[in-house]
Amino acid sequence: MKTLRAVPALALMFGVLLMVPMGCSNGDGNSPVTPEVSTRIYVMTIGSGVLEPASESAGGVTASDSGEDGEYFLTLNNVKEDALWYTDRPGRKAGETSIGDYVGSWADIYGEVAPNTAMDGYLTDAVHAGLYLNLKDPIYDSETNSLVFRVSLLASSMADPYPHDPVAFDNIRLTVFDDTPEGQVNYWSFAQVALESVLEATGTEGLYRLTLKGAYPEVFQLQNAPGTRYEVLDQASLEYNWPTYFGAQPPNASLTGVSLADPGALKLAFLELDNPSHDGTNVYYDARALGGEDLSNDSLSHPVLLIDSLDGQYPVCLQSGNEAKCYGNCFPDSTKLCCPKPDDQPAPDCGNPDQQPDWYLYTQCNNDQSAICTTYRPPTGKQTKLVIQNDTASPVKLYLQVGSPYAQDGACPDYWPPLQLSDYPQCTSDNITGEVCEMTLAKKGDPDGKDKIEIPGVDYRCTNGTITFEMNPNDTCGMSLGEFTLNVDPNANPVLKEGVDISLVNGNNGKIVVEMSTPGWQVQNTSRFVTSIENYETDAENQGQDGVYNYLCDACTDSLNPPDCSGPWNQNCSAQATCNVLRDGTQEGGTVTFHWKGNDWSAN
């Protein structure tokens, strides 16, 4: 495939996280409660703030015009005088403490380990951004309600992730995590973003149903200090591992967002969560209220749900200098990584799964080194269905090509060959000419369903090929291509990928939208998950679009061996190699639908 669009959830997520584990006092504002400080997570709301690059000078720390070292000052204004807090599991307490008490006990709470923080706010009325920070050296002025930190910027959703100039924010939410407990390897917290949240009573006292409407497919994992990494997974992975992560003690969480009942008001509730599920669009939890505001008669716009740390017995280990999590369900691109067994544990019995120790749960033995476990996600056992659909008001010609059955490597090797034209029920000797199958899709809404074709997967065969609409691919130039590789060998080592893309390398004769019904599809070389991709009318619009190869950009970021088609060369190629959308072969299943939207761009 020459070519294999994405929801900007990372930006939204970092723009919405606000939990902040800080030093704390008890609910009546007295001195800090030392025994529980390390388990408390704090949330602050702030009117405005400025992030300004910092550098060292002979006289100390000063403002700088460069943020390349990741060091900044964060100045917060109109800080609400009290911070809300709730305890990490298994505790179920919530309360508030004054900012003055919190800052005054900072050194006692964190010692030499500065805490990590998630911050979100608005750059403009319409632009939301989020930051993952490490906080140091707080200075609080109670007379002006201002708070200043020295921060390390670990990640951000801003267009310039490490800005050289000061950046102003409004309507800020700030969250500081508690540090990883001494003696533990690692703690992570989870964050989700949605378009709207609703908390509804179930009829059972104290029990609610939390619905995240229009939930973004990404679930973000942020390390508690001293860790500094973040990971991206999907809802299905979180659900699969929920019992392993949290056992019999459901996690606590904070839910924050802008009220729809009280427009403009920022609201927050503390919840206990359990029984996660999703339907592809919405995410659901059973929830119990621990504190904060009553949201049972309110909905929140652009809510962020932050879920506290998982159990600490699952280590983060080193492999070739990169950290890889040894949890039961692999995260993207980590399935090939191994990690050593705990030093205090014996090697597992690879031949006897019934005798594998708890730390070895959901892993697969490495045949070469019995003392090594490999993160492994069992194949779904399902196949991915390909659907090609006409969404226009007129019939359209569809042209289908397939991959060679004699490939020696790649996603469809010779032992797992791609389906050929004769394997497609819609292709017969009457409509196959050479290497092209031609058929007509009826107009949208055809009562007999002839506006689309469905190609189910076949055991031990790959679904690989390209499609064009209205133009025969033998015409070489002028057409938009849809490209797909589905149903690869799910047990291959290294892991093979399913992939889809829209190729405009030869031209652009209309709009194609590709929708993926199940999670796990990720833009290559990024941490972004997507549920659809699409192309647009002009080269400028298609430049940098996830899952789209632009005109003559056969290498995504460059024109190396483009077709002999007239037009500009190497002007609008993507800055990053993000032209493919990929998914681990083990996650196969669901439907991939290529929608033809036609060439009436005013309607698209």
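What is the strand order of the open sheet of five strands? The order is 29-25-38-33-35, and the pairing is mixed.

## Basis of the model

This is a predicted model, in which local features need pLDDT of at least 70, side-chain atom pairs count only at pLDDT 80 or more, and totals for chains, interfaces and linings use all residues. Residues are numbered from 1 along each chain as its sequence is written, and side-chain values use heavy atoms, with hydrogens and water left out.

Strands here are DSSP runs (E, at least two residues), numbered from the N terminus. Two strands pair if DSSP finds at least two bridges between them. In general, strands of a sheet pair through backbone hydrogen bonds, either parallel or antiparallel.

The open sheet of five strands runs 29-25-38-33-35. Its edge strands are strand 29 and strand 35 (532–534), and each pairs on one side only. Neighbouring strands are turned by 15° against each other on average, direction ignored. The axes behind such angles are lines fitted to C-alpha atoms, and angles run from 0 to 180 degrees between N-to-C directions.

Strand 33 covers residues 511–516. Strand 33 and strand 35 pair in the antiparallel sense, over three bridges. Val 514 stands opposite Ile 533 in strand 35.

## Nonpolar cores

A nonpolar core is a set of buried Ala, Val, Leu, Ile, Met, Phe, Trp, Tyr and Cys residues joined through side-chain atoms within 4.5 Å. Buried means under 20% relative accessible area, exposed means over 50%, and partly exposed lies in between (1.4 Å probe, protein chains only). In soluble globular proteins, nonpolar side chains tend to be buried together.

The largest core holds 33 residues. Ile 388, Phe 469, Phe 484, Val 500, Val 514 and Phe 594 touch the most other members. A second, separate core has 31 residues, including Leu 131, Leu 147, Met 158 and Val 167.

## Disulfides

The structure holds five disulfides. Each is a pair of cysteine sulfur atoms within 2.5 Å.

Cys 412 and Cys 462 form one, with sulfur atoms 1.9 Å apart. Cys 412 lies in the loop between strand 26 (396–402) and strand 27 (432–433). Cys 462 lies in the loop between strand 29 (452–455) and strand 30 (463–469). The pair therefore ties together parts that are 50 residues apart in sequence. Cys 412 is buried at 8%. Cys 462 is buried at 0%.

Another disulfide joins Cys 477 to Cys 565, S to S 1.9 Å. The torsion about the S-S bond is about -90°, so this disulfide is left-handed. The pair links distant parts of the chain, 88 residues apart. Cys 477 is in the loop between strand 30 and strand 31 (481–486). Cys 565 is in the loop between strand 36 (548–549) and strand 37 (581–584). Cys 477 is partly exposed at 25%, whereas Cys 565 is buried at 6%.

Cys 553 and Cys 573 form a disulfide with sulfur atoms 2.0 Å apart. The link is left-handed, with -95° about the S-S bond. Cys 553 and Cys 573 both lie in the loop between strand 36 and strand 37, 20 residues apart. Cys 553 is buried at 1%. Cys 573 is buried at 7%.

## Backbone details

Most residues other than glycine have a negative phi, and most peptide bonds are trans. Some residues here depart from that pattern.

Leu 552 has phi near 65°, a positive value in a residue other than glycine. Leu 552 lies in the loop between strand 36 and strand 37, and is buried at 0%. Asn 171 also has a positive phi, near 50°. Asn 171 lies in strand 10 (residues 167–176). The peptide bond from Ala 225 to Pro 226 is cis, with omega near 15°. Pro 226 is in the loop between strand 14 (218–223) and strand 15 (230–234).

## A buried proline

Pro 53 lies in strand 2 (residues 40–57). Pro 53 counts as buried, because its relative accessibility is 0%. Pro 53 and Pro 163 are 110 residues apart in sequence. In space, C-alpha to C-alpha, Pro 53 and Pro 163 are 7.6 Å apart.

Notes
Helices (H or I, at least four residues) and strands (E, at least two) are DSSP runs, numbered from the N terminus.
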